[in-house]
Structures are given as structure tokens and as C-alpha cells.
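Hi there,

Here is the structure I promised to pass on. Have a look at it first, and then read on for what turned up.

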Amino acid sequence: MQIVKKAVLNNLEISQISELMAKVHRHDHTFRDPYLSNQFNYFSQMPTFFLAYEAGVLIGMVTLYADGEVSEIVDVFINVLPKWRLRGIAKYLWETSKQVLKEYGYSKYEFVSETAFLRLNPEFLANTNLKVGPVGECQMSAPIFSDNNFQLPKKLAVRGFRPTDLDTLVR
């Protein structure tokens with residue numbers, strides 16, 4: 001296995017990541033993609049993307065979203081193709097990227113996951129000694145609304161953005 005560290009992705013790598021994420025999402029019933037740019041990272045030269053290749057095929061990746069100073073928390077996304085899981089690839093990718101975080105002075109990080117993944121893999125948290133933290137944000141994706149069984153709670157409503165919403169959202 002070869003690990004490639006990158007601060008900026010090229011078009012081929014973005015395409016490979018998109019294919020990897022599509023396979024991961026289909027298998028895990030997830031929707032959230034990692035951010036594939038380092039434009040908001042505090043250190044623009046810091047490797048942000050760690051790509052694991054086997055025989056020229058992208059089999060796993062880590063992205064680090066470090067948009068704050070070293071005292072702040074870094075969001076870590078780890079994704080490995082389902083057929084390559086349980087082979088230590090995620091652990092190796094994490095150890096490689098964790099070393100870069102240390103080199104740049106970061107010591108706080110959170111792993112980003114989705115409830116659907118955790119539900120399908122109930123042993124994951126115990127096996128990794130991780131715990132679910134407080135929910136910081138909620139993200140919705142269009143595919144959830146195409147499910148005929150989905151019912152939006154009565155106290156919630158979804159509508160398009162209006163210019164008059166700007167003041168409320170910016171605050």
C-alpha cells in the first residue's frame with residue numbers, strides 16, 4: 001500500500017475520491033462528503049489529504065479540516081472502501097495524518113461520522129474506544145426526502161432560502 005500526502009488535490013484525485021465516496025455511501029447508507037479543498041485551512045501548506053493506493057487504485061483516504069489555530073479542533077474524515085476494511089488501512093492512514101497534525105501543533109481532533117454508519121456498525125465505537133460527542137450541527141441531504149416513508153416532524157418545516165433570512169442566519 002502506498003500513502004500519498006497532499007496539500008492540494010488535482011482533478012484526477014478529486015475524481016478518484018468521488019468514486020470512492022460513492023461506493024462508501026452506497027454501502028454505509030451515508031451522504032456526507034469531505035471538503036476537498038484546503039482553502040480555509042489555517043496552514044495552507046499542511047498536508048490535508050492522505051490517499052491510500054493499492055496497485056494504483058484509491059482504497060482509502062483521510063481529510064483534515066483544520067480551519068483554526070492549533071488550539072482548535074480539527075475535523076477528521078476517514079473513509080475506506082468496504083471490501084478493504086478490517087485490514088488496518090484506516091489505522092495506518094490515521095497514524096500518518098496524526099503525525100502531520102502533531103508536526104503543525106494540533107492536538108485536538110474529532111472524527112466525523114454519520115448515525116447511519118454507527119447504526120450499521122454497532123461494534124465500531126467499542127472497537128475504536130471512541131464515543132459520540134455532542135451534536136454540533138445537523139445536515140440534511142436530498143435523498144432522505146425521496147424516501148416515501150420519511151415524515152418531517154410537525155414542528156419543523158423546510159423551505160427555500162429568502163434574502164430576508166440573511167440577517168437571522170449571519171448572526
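Predicted model: local features only at pLDDT ≥ 70, side-chain atom pairs only at ≥ 80, totals over all residues.

**Overall layout**

The protein has six helices and five strands. Going along the sequence, these elements come in the order β-α-β-β-β-α-β-α-α-α-α. Of the 171 residues, 29% are buried.

Ala-55 is not a glycine, yet its phi is positive, at about 50 degrees. Its relative accessible area is 74%, and since anything over 50% counts as exposed, Ala-55 is exposed.

Asn-129 is another non-glycine residue with a positive phi, in this case near 60 degrees. You will find Asn-129 in the loop between helix H4 (124-128) and helix H5 (142-145). Asn-129 has a relative accessible area of 71%, so this residue is exposed.

**Salt bridges**

How many salt bridges does the count come to? There are two.

One of them joins the side chains of Arg-85 and Asp-28, with an N to O distance of 2.7 Å. This pair ties together distant parts of the chain, as its members are 57 residues apart: Arg-85 sits in the loop between strand E4 (74-80) and helix H2 (89-103), while Asp-28 belongs to helix H1 (residues 11-28). Are the two partners buried or exposed, or something in between? Arg-85 has 23% relative accessibility and therefore counts as partly exposed. Asp-28 has 3%, so it counts as buried.

The other salt bridge is formed by Lys-6 and Glu-13, whose closest N and O atoms are 2.9 Å apart. Glu-13 is a buried residue because its relative accessible area is 7%, which is under the 20% cut-off.

Searching the whole structure for cavities of 30 Å³ or more gives one. The volume of the largest cavity is about 40 Å³.

Which residues line the largest cavity? The lining is made by Tyr-35, Ser-37, Thr-48, Phe-49, Thr-63, Leu-64, Tyr-65 and Phe-77. Sorted by class, five of the lining residues are nonpolar and three are polar, with no charged residues. Strand E3 (residues 57-65) supplies the largest share of this lining, with three residues.

Together with Phe-161, Leu-169 and Val-170, Leu-166 makes a nonpolar surface patch of about 450 Å². Leu-166 is part of helix H6, which covers residues 166-170. With a relative accessibility of 46%, Leu-166 falls between the 20% and 50% limits and therefore counts as partly exposed.

If you open the model with a viewer, you could begin with the Arg-85 and Asp-28 salt bridge and then turn to the cavity lined in part by strand E3. I would be glad to hear your thoughts.

Best wishes

Conventions. Residues numbered from 1 in each chain as written. Heavy atoms only, no water. Patch = residues over 30% accessible without salt bridge, like charges linked within 9 Å, V, L, I, M, F, W, Y side chains within 5 Å. Areas by Shrake-Rupley, 256 points an atom, 1.4 Å probe, with all protein chains shown as cover. Salt bridge = Lys/Arg side-chain N within 4 Å of Asp/Glu carboxyl O. Helix = DSSP H or I, 4+ residues; strand = E, 2+ residues; numbered from the N terminus. Buried < 20%, exposed > 50% of the residue type's maximum accessible area, 1.4 Å probe, protein only. 1 Å grid on protein atoms, 1.4 Å probe; cavity = no way out; pocket = protein on both sides within 12 Å on 5 of 7 lines; lining within 4 Å. Points joined across faces, edges and corners; volume = space filled by probe spheres on them. Nonpolar A, V, L, I, M, F, W, Y, C, P; charged D, E, K, R; others polar.
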